[in-house]
Amino acid sequence: MSMVCQKCRKQLPLPPQSILFRCVCGNMIPLGNSERSLPIQEHGRFSSKMRRFRDKFRRNSSRENSRSPSPSVSPRLSLIFTKPAPSGKRALLCGVTYKKEKFRLRGTLHDVHSMSDLLVRKFNFTNDSILILAEEEAYKPPTRRNILEAFKWLMEDLKSGDSLVFYFSGHGLRQPDFCDDELDGFDETICPLDFRTNGMISDNDINDILVKPLLPGVTLHAIVDACHSGTVLDLPWVYKENRWVDNRPPSGANKGTKGGKVFGFSACRDNQLAADTSAFSAEKTMMGAMTYTFIKAIWEIPDITYQGLLDHMHKAIENVNKARCPLLKILQRKIDQEPVLSSSEKFNTNTRFKL
C-alpha cells in the first residue's frame with residue numbers, strides 16, 4: 001500500500017501502525033488509524049468531544065513542538081505566586097474542571113479537596129505548604145502558565161530531607177514522539193485549562209522540571225489522575241506484574257534525577273482511559289476513580305506499603321466493576337483502568353508508604 005504527499009506529490013510507502021508520517025519534504029501526513037482501538041467511556045476522563053481535540057493535537061503536534069520551546073529552559077517565566085515555598089514538606093495540587101467546555105469534568109474539584117485533606121490530616125502538611133490551582137475564586141486557575149510557574153514554586157530552594165507532592169486531576173492525552181525516547185512511540189501529556197490555545201504539558205517537560213533537578217535526600221511523589229498517564233513522568237522504571245520493568249528511552253536520554261527519589265502513581269496505563277465516576281459514592285458524587293481508591297486505601301490501612309496501596313486500588317476497581325447491576329451494565333460502564341506505579345529507581349515495594 002502507498003500514499004501521496006499533498007505537498008510534493010511524492011509516492012510514499014504506507015508505514016504500519018502509524019499516526020503521523022514525515023515525508024522527505026518535511027510535510028507531516030496524518031494517517032487514518034489514529035484511534036488505536038481506544039474505547040470511549042461514558043464517564044471516562046476522555047469524552048467523545050475530547051477525542052476530536054486529541055486528533056487535532058496529534059496532527060499539529062510537530063508544528064506546536066517547533067514553535068514552543070521547552071518550558072524548563074524558558075528565561076521569561078517569572079514567579080507569579082507571592083506565597084514563599086516552605087522548607088520541609090510542600091505540595092502542588094491541580095484540579096482542572098474545564099467549566100466552559102463541552103468536555104468538562106465534574107469530579108476534579110472534589111478530588112483536590114480530598115487530597116488536600118489527606119495531606120493535612122494524615123501526613124502533617126500545613127495549609128501554607130499546599131498550593132492549589134483550581135477553577136474557583138479562592139485559587140489561581142490551572143492554566144499552562146500558572147502550572148509551569150507553580151512547578152517552579154514546588155522546586156524552589158530544595159534541601160535534603162524535603163518531601164514534595166505533585167497532584168493533577170484532569171484530562172490527559174497522547175501525541176507522537178519524534179525524539180525516540182518513548183518505547184511505545186507516544187509522548188503522554190496533561191491538559192491545562194487553556195490547552196486548546198496554549199498547548200499541553202508533555203511528559204518530557206514534566207521530567208525536565210520536576211524529576212531531573214532533584215538532589216540527594218529530596219523525595220517527590222507524583223499522583224496523576226488522568227487518561228494515558230502511566231508514564232507521564234517518563235521515569236526509568238515501571239512496576240508491572242510484581243516486577244520492575246525497564247522504561248529507559250531507546251535514545252539513551254537520561255530521565256533520572258541528580259540523586260533524589262521520585263515515585264509516581266498514575267490512574268491507568270498509557271493506552272487506557274481514567275474514569276470520572278460516581279460508582280464509588282452512595283450519594284452519586286463524581287470523583288476520579290484513582291483518587292478515591294488511593295485516598296481510601298491510605299485512610300483504611302495505617303501502615304500501608306507501596307505494594308499494598310497499588311493492590312488496594314486494583315482490588316477496589318475490580319470490586320466496583322463486579323458490583324454493577326447485570327440488567328444495567330449497558331448504562332453502568334465498566335471502569336477499565338489499571339493504576340500504575342513508576343519510579344526513578346528500583347526499590348522494595350513492601351516499603352511503607354509515607355509523604
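Colleague: How many helices and how many strands are there in the protein chain?
Modeller: This is a predicted model, so what follows is computed from predicted coordinates. In the protein chain, the elements come to seven helices and 17 strands.

Colleague: What percentage of the residues of the protein chain count as buried?
Modeller: The protein chain exposes about 16,400 Å², and carbon and sulfur atoms supply 49% of that area. A residue is called buried when its relative accessible area is under 20%. Of the 355 residues in the protein chain, the share that counts as buried is 54%.

Colleague: In what order do the eight strands of the open sheet stand?
Modeller: The edge strands of this sheet are S6 and strand S13 (243-246), each of which pairs on one side only. Neighbouring strands are turned against each other by 20° on average, with direction ignored. The pairing is mixed, and the eight strands follow the order S6-S5-S7-S11-S14-S17-S12-S13.

Colleague: Which residue in S6 stands opposite Cys-94?
Modeller: S5 and S6 run parallel and are joined by five bridges. Strand S5 covers residues 89-95 and strand S6 covers residues 130-134, and the residue in S6 that stands opposite Cys-94 is Leu-133.

Colleague: At about what angle to S5 does H3 run?
Modeller: Helix H2 (residues 108-123) lies across S5, S6, S7 and S11, and runs at about 165° to S5. H3 also lies across S5, S6, S7 and S11, and its angle to S5 is about 170°.

Colleague: Which element supplies the largest share of the largest nonpolar core?
Modeller: The largest nonpolar core has 39 residues, and those with the most contacts inside it are Leu-92, Phe-151, Phe-166, Phe-168, Leu-210 and Leu-233. Among the elements that each supply at least two residues of this core are strand S7 (163-169), helix H5 (203-211) and helix H3 (144-154). The largest share of this core, six residues, comes from H3.

Colleague: How many residues does the other core have, which lies apart from this one?
Modeller: In soluble globular proteins, nonpolar side chains tend to be buried together. Here another core lies apart from the largest one, with Phe-125, Val-165, Leu-341 and Phe-353 among its residues, and its number of residues is 38.

Colleague: How far apart are the end C-alpha atoms of H7?
Modeller: Helix H7 (residues 306-322) has 17 residues, and at 1.5 Å a residue they should span 24 Å.

Colleague: Which elements are included in what covers the buried residues of H7?
Modeller: The buried residues of H7 include Tyr-306, Leu-309, Leu-310, Met-313 and Ile-317. What covers the buried residues of this helix includes S11, strand S12 (237-240), strand S14 (261-266), helix H6 (289-300) and strand S17 (340-343).

Colleague: Is Ala-316 buried or exposed?
Modeller: Ala-316 has its place in helix H7, and it touches Phe-280 and Thr-293, not counting residues up to four places away in sequence. Because its relative accessibility is 17%, which is under the 20% limit, Ala-316 counts as buried.

Colleague: Which residue in S10 is the bridge partner of Ile-190?
Modeller: Three strands form an open sheet in the order S8-S9-S10, with antiparallel pairing. S8 and strand S10 (201-202) stand at its edges, each with a single partner strand, so one side of each is left without a neighbour in the sheet. Two bridges join S9 to S10, and the bridge partner of Ile-190 in S10 is Ile-201.

Colleague: What is the relative accessible area of Asn-242?
Modeller: Asn-242 is found in the loop between S12 and S13, and has a positive phi of about 65° although it is not a glycine. Asn-242 counts as exposed, because its relative accessible area is 57%.

Methods:
Residues numbered from 1 in each chain as written. Predicted model: local features only at pLDDT ≥ 70, side-chain atom pairs only at ≥ 80, totals over all residues. Heavy atoms only, no water. Core = buried A, V, L, I, M, F, W, Y, C linked by side-chain atoms within 4.5 Å. Buried < 20%, exposed > 50% of the residue type's maximum accessible area, 1.4 Å probe, protein only. Helix = DSSP H or I, 4+ residues; strand = E, 2+ residues; numbered from the N terminus. Expected span 1.5 Å × (residues − 1). Contact = heavy atoms within 4.5 Å. Pairing = 2+ DSSP bridges. Axes fitted to C-alpha atoms, helices over the stretch in contact; angles between N-to-C directions. Areas by Shrake-Rupley, 256 points an atom, 1.4 Å probe, with all protein chains shown as cover.
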